[in-house]
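Q: Please take a close look at a single place in this structure, and say how exposed it is. Then go on to the parts around the rest of the chain, for someone who has not seen it before.

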Amino acid sequence: MKAINPLLILVFTFSILAYSQESKQIQMTDYRLWSNLLNYNISSNEKWFYWNINYPNITDTLFIKNTDDNKIQAFRNSQLIAFDTQQKFALIQNDNAQTYYTNLESQKVQILQGEDAKFIFDDQFIVTTNQAKKTISLFNRSSNQINLTVSLEELFVSAQKNILIWMTSDNSIQIAQMIKDKLDIKTICQASGLKRKRLTMNSQNSMLAFLEEDNESYGTLKSHRIHILDLQKLTSSTIDLKSFKEFEQYFIVDHLNYKSLQFNEQSNSLLFTIQKKTNKSVQTNQVQIWHANDTLEYPRKKILDPEKIPILSNYHLEQEHINILNQPNSIQTIILNNSKFALQYYQNQYDSKYNRLGSSDIYLLDIENQTKHLLINRFPINNLSKNLNLSPNNQYLSYYWQDNWYVYNTETQATTKIPINKFDSFTAANQYKPDNSSLLDYAIWTTDNTLLLTGNQFYWLYNPKTSKTQKAVSRKHQNYTLTIKQFTNHLKYSNNFYLTYQPTIDIKQGFYFTGINKDFYHSLFTYKNNQLTKILETPHKLVDVKKISPNSVLYRIQDSNLAPEIYLKNKKHNNRLLQTNDFQKDFTYPKKEIIYYTNSQGDSLKGLLLYPTVFNKDKKYPMITHVYEKQVNFEYQAYHIPTLYNPSGFNSINYTSNGYFVFFPDIAYEIGNVGKSAVDCVISAIKALEVNDYIDFNNLGLIGHSFGGYQVNFIATQTNIFHAIVSGAANFDIIFASLTLDNNNTYTNQTWRYLNYQMRMGTSAQDNYLGYLNNSPIFFVNNINSNVLSWTGENDYSVNKQQSIAFHLAMRNLDKQHTLLIYPNEGHVLTTPENQKDLSNRIMSFFNENLKK
């Protein structure tokens, strides 16, 4: 194939746009200049830095920069997939199902037809797939030729990328691997009239398994058998449930939402899914029977119908017997870390109104010998993925329960409560329910099977072998509050039956902490050999840190008036690799000021005030107050680009550049009085601003979305200091809202949001009816004298659109000013660019018409 250099590829060095030295006010016509920085990274040899930028409502562009000579290549609508081992070539995929095979040094590019490209066989070949044509191609890098193109139904690439297995359109299975430096391709399963699927291998690449349909079906589900090939012994076996008398009422199922086939080496078994045979037709006109004493509401019981959920089973490869690991009508199973251990719980054991998914007793199952032990009673199911963590050697399971950390020894079945200094704790005040504490941070296993824990005063290391805890690092260091930096997500979800934990801390190599102080300075520390060393300090927000090598980090800083910058820091230098939106220095960004105030309860609070970008001390300016929870710590160094493509229709930079003050007050909540608390804090904050002679207090606007929108609705009923009000996707009647089910096909009871989550009522409406009345906008709507604009998505699954419609009808019945926007095919936030732009323009026009008369 001839090497080409398509016009899509641009080679250039950045030049800075020339502007006048005088700062300019941002106009709407300037919005198009700003871009968003998306993913970015650098090759391990630190030579090739790459990033994607996106201009709102325009496709992405990939840039690759040579850090030696600063030359840059650009690829429209593309993503970098992989470097080869020598990091001289890269695979880049575009949006047209094509792969750019790129020589990074010469900048020559070849276009390979196909996607999902991978370097395989020690980088000697590139494999691509063409989903539209259903083909697989092998490109030989030495000969620069396509060696193979065949039909494809399914492809499996081993983790080591040294074995390639694919299934063709005639259901034959072929394997490709390098033997004595030559590509060897052979058929290991001949063609079949029966459909095959779900290729999978064990980690040693010695065994292959797949499903094969057997021409029987039950309802809409096909029945299968399993074939297992031993690639070393060249033997095969089949799992057919018809051969197991005790399983003759079951069939092997392939379920889209569950991983249907997987080897489990530790238990020497193959995991698969089965279901009970049934030919019952779906009845759509049956009477619904809702029992108040059921632990799950009727619609949720239908979702969790045992006949719809597959049963996880395992086949022991040596003993050749089958065990059922879960029963959908009762026991659920989650495999931990692809080990021989699994968590088991009951789907509907305890009432779910206090927790989103309910609570259950939690058991630990040993898959190999089929024994299980009780770990915890009445544990919230939604915390399973956060608070239970298996050590790398699979000997210890850590879990957090009732303000303490525990470790369960899977060999001795003994549980140990982790000791800690009596002056420290692992808990913090629960902002949603202060009478309960909440976990400060997850526990992290280290590669040497010790456990790193976060306390209020110290980080602690617990050794389960000795049952001893030692201080690692103080949480406060040089006036910085430290937070451990994880470079990989230590929680990985495979699917509904599998939960994989990945240890992220290597004590010997050392690890990192980020820090922030009261003046919003950020820092980065390394911890190695019991020593904490500061390697970075900046007055800007340290947004992200990527570890490149033991001595190199790639980091990103930004600020409210500083566009994102990327730096590479190693032992030799601290180089800036990228300055985004460099032209921004020629425009005026808003001045900011922290406002301190106290609410009626004596809580010390603060707010962030942004000034108009073009400011005249002889004028007064209208102000927009944005309401949510605690906003200052986030917004103080938040970077926003001016744009009309805003999911909730609001962007502070749009308003400061249009002659508005913008104010973000913090709110402290009294449990059971959430609406009243918002009113108290916001009015206290506005009073603290009265010393500012430049704010036009006759022209104040108020805006909020979601929980902020509910607060805006309530504030509007309690004070007339705001003259124009915008609420998005907001509750209006919290009594009714607390007695509804999620309408996003999960049908969970919404009461939990009010008992121990963001709505902070602490009790149900039945136990505190007057409290709900006193905090519900619907009962005070006649007090509203301001002009109100509300909006919602027609398909909002978080806050039902009927809440906004009810608000509109109440205002209409009272002959008050109210406009309701309902966006079709939109949810809790707007995702369609056209709708985002429309909402942003409508809200700006609404405020201009009401506050700039």
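## A loop residue and the rest of the chain

A: Glu-320 has a relative accessible area of 51%, so this residue counts as exposed, the cut-off being over 50%. The model is a predicted one. Glu-320 sits in the loop that joins strand S25 (311-316) to strand S26 (322-324). Its backbone angle phi is near 55°, which is a positive value in a residue other than glycine.

Phe-520 belongs to the loop between strand S45 (511-516) and strand S46 (522-528). With a relative accessible area of 7%, Phe-520 is buried, whereas Glu-320 is exposed.

The C-alpha trace spans about 90 × 70 × 60 Å along the principal axes. Buried residues make up 54% of the 853; Phe-520 is one of the buried residues. Of the contacts with a separation of 6 or more, 53% are between residues 24 or more positions apart. The accessible surface comes to about 39,000 Å², and carbon and sulfur atoms hold 46% of that area.

Charged side chains come next. There are 81 positive and 73 negative ones, and the centres of the two sets lie 3 Å apart. Over the whole structure, a search finds 26 salt bridges. One of them joins Asp-68 to Lys-47, with the closest N and O atoms 3.8 Å apart. Asp-68 lies in the loop between strand S4 (60-66) and strand S5 (72-76), and Lys-47 in the loop between strand S2 (36-42) and strand S3 (48-54), so this pair ties together parts that are 21 residues apart in sequence. Asp-68 counts as exposed because its relative accessibility is 59%. Lys-47, at 18% relative accessibility, counts as buried, since the cut-off for that class is under 20%.

Lys-47 also forms a salt bridge with Glu-105, where the closest N and O atoms are 2.3 Å apart. Here the link is between distant parts of the chain, 58 residues apart: Lys-47 is in the loop between S2 and S3, and Glu-105 is in the loop between strand S8 (98-103) and strand S9 (109-113). Glu-105 has a relative accessible area of 45% and is therefore partly exposed.

Another salt bridge is found between the side chains of Asp-84 and Arg-141, at 3.1 Å from N to O. This pair links distant parts of the chain, 57 residues apart, with Asp-84 in the loop between strand S6 (78-83) and strand S7 (89-94) and Arg-141 in the loop between strand S12 (135-140) and strand S13 (145-151). Both Asp-84 and Arg-141 are buried. Elsewhere, salt bridges link Arg-196, Glu-212, Asp-214, Glu-216, Arg-225, Asp-240 and Lys-242 in a network.

Two tyrosines close the account. Tyr-645 is in the loop between helix H3 (632-635) and helix H4 (652-656), and its relative accessibility of 25% makes it partly exposed. Leaving out residues up to four places away in sequence, Tyr-645 touches Pro-56, Asn-57, Pro-833, Gln-836 and Lys-837. The C-alpha atoms of Tyr-645 and Glu-834 are separated by 8.0 Å, although these residues are 189 apart along the chain.

Tyr-655 is placed in helix H4. Its relative accessible area is 1%, so Tyr-655 is buried. Again leaving out residues up to four places away in sequence, the residues touched by Tyr-655 are Ile-624, Phe-650, Tyr-660, Val-662, Ile-843, Met-844 and Phe-847. Trp-445 is 210 residues from Tyr-655 along the chain, and the C-alpha atoms of these two are separated by 47 Å.

How values were computed:
Residues numbered from 1 in each chain as written. Predicted model: local features only at pLDDT ≥ 70, side-chain atom pairs only at ≥ 80, totals over all residues. Heavy atoms only, no water. Buried < 20%, exposed > 50% of the residue type's maximum accessible area, 1.4 Å probe, protein only. Contact = heavy atoms within 4.5 Å. Areas by Shrake-Rupley, 256 points an atom, 1.4 Å probe, with all protein chains shown as cover. Lys, Arg positive; Asp, Glu negative; His and termini not counted. Charge placed at Lys NZ, Arg CZ, Asp CG, Glu CD. Salt bridge = Lys/Arg side-chain N within 4 Å of Asp/Glu carboxyl O. Helix = DSSP H or I, 4+ residues; strand = E, 2+ residues; numbered from the N terminus.
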